[in-house]
Amino acid sequence: MTLADLEASFVSVSAEAHASQRSGSWIVACAEALAAARSGNYGVGAVLVDPKGEILELGRNRVFFPRFRSDLHAEMDTMNAFEERHPEVTNMRGYTLLCSLEPCPMCLARLLMAGVQTVKFLAYDELAGMVNQKHQFPIAWKRLWQRQEFVQADVSESVKRFALDVFSLNLETCRQKLLSR
């Protein structure tokens, strides 16, 4: 699949979500993923939603562009912006992070520490996703896990497929860049 194919697919997926009058926040997360892929990063996007359902922050993978930052996965980018702009928030109950891809170990640990009550993702990451590997975490992390929910989103298969396709676009190129460091 090419970037042009993904752009066309995004129009279709957006129209489907608009017609169903749901998945608005998911479309924003997918748009962030597409923007990340356009920039040569891993195609992953995220959105943080408050208890009222309002989008507070957007984020995307920025590992390679504009400059190398190993920590700037979409979830980290989103949480960095939120924590910087909203230091008054001391309790994350009712907040939801929507991510286009299943969190990796680093992001999962960050989300556990941040206390985001619900984390929903569109596509499973068979190679690096950590949600189905939670039993591998040390006991202290497992205790944190008890207060939070990490689940795949209840959205159409076409939205899930789009998220996986965007992630796959630059996957091999990005991995090669990491391996060459």
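# Why we call it that: strands, helices and a few loops

Mentor: Let's start with helix H2, which lies across E1, E2, E3 and E4 and runs at about 145° to E1. Keep in mind that this is a predicted model.

Trainee: Okay. What makes the sheet under discussion open, and what is its strand order?

Mentor: Five strands form an open sheet in the order E2-E1-E3-E4-E5, and the pairing is mixed. The edges are E2 and strand E5 (149-152), each of which pairs on one side only. Neighbouring strands are turned by 15° against each other on average, direction ignored.

Trainee: How do you know that E1 and E2 count as paired, and in which sense do they run?

Mentor: Pairing needs at least two bridges. E1 and strand E2 (residues 55-60) have five bridges, in the antiparallel sense, so they pass the cut-off of at least two. One of the contacts to look up is Val49, whose bridge partner in E2 is Ile55. The hairpin of E1 and E2 has five residues between the strands, and there Gly53 takes a positive phi near 90°.

Trainee: Why is E1 called mostly covered?

Mentor: Buried means under 20% relative accessible area, and five of the five residues of strand E1 (residues 45-49) are buried. Gly45, Val47 and Val49 point one way, Ala46 and Leu48 the other way, and all are buried. In a regular strand the side chains alternate between the two faces of the sheet.

Trainee: How does strand E4 do on that count?

Mentor: Strand E4 (residues 118-123) is mostly covered as well, with five of its six residues buried.

Trainee: How do you know what to call the arrangement of H3 and H4?

Mentor: Same test. Helix H3 (residues 74-85) and helix H4 (residues 105-114) pack at about 25°, with their axes 9 Å apart. With the cut-off at under 35 degrees, H3 and H4 are therefore roughly parallel to each other. Their crossing is left-handed. Glu75, Met76, Met79, Asn80 and Glu83 in H3 meet Met106, Cys107, Arg110, Leu111 and Ala114 in H4. Those residues divide into six nonpolar, one polar and three charged.

Trainee: Why is Glu172 called partly exposed?

Mentor: Exposed takes over 50% and buried takes under 20%. Glu172 is at 48%, so it counts as partly exposed. Glu172 is found in helix H7 (residues 171-179). Glu172 and Tyr42 are 130 residues apart in sequence and 9.4 Å apart in space, C-alpha to C-alpha.

Trainee: What makes Gln117 buried, exposed or in between?

Mentor: Its relative accessible area is 31%, so Gln117 is partly exposed. Gln117 sits in the loop between H4 and E4. Leaving out residues up to four places away in sequence, Gln117 touches Met92, Arg93, Gly94, Tyr95, Arg147, Gln148 and Glu149.

Trainee: Last one: what is the peptide bond from Phe65 to Pro66, cis or trans?

Mentor: That bond is cis, with omega near 15°. Pro66 is placed in the loop between E2 and H3.

How values were computed: Residues are numbered from 1 along each chain as its sequence is written. This is a predicted model: local features need pLDDT of at least 70, side-chain atom pairs count only at pLDDT 80 or more; totals for chains, interfaces and linings use all residues. Side-chain values use heavy atoms; hydrogens and water are left out. Buried means under 20% relative accessible area, exposed over 50%, partly exposed in between (1.4 Å probe, protein chains only). Helices (H or I, at least four residues) and strands (E, at least two) are DSSP runs, numbered from the N terminus. Axes are lines fitted to C-alpha atoms, for helices over the stretch in contact, and angles run from 0 to 180 degrees between N-to-C directions. Angles under 35 degrees count as roughly parallel, over 145 as roughly antiparallel, 65 to 115 as roughly perpendicular and the rest as oblique. A crossing is left-handed if the near helix is turned anticlockwise from the far one by less than a right angle, and right-handed if clockwise. Contact means heavy atoms within 4.5 Å. Ala, Val, Leu, Ile, Met, Phe, Trp, Tyr, Cys and Pro count as nonpolar, Asp, Glu, Lys and Arg as charged, and the others, Gly among them, as polar.
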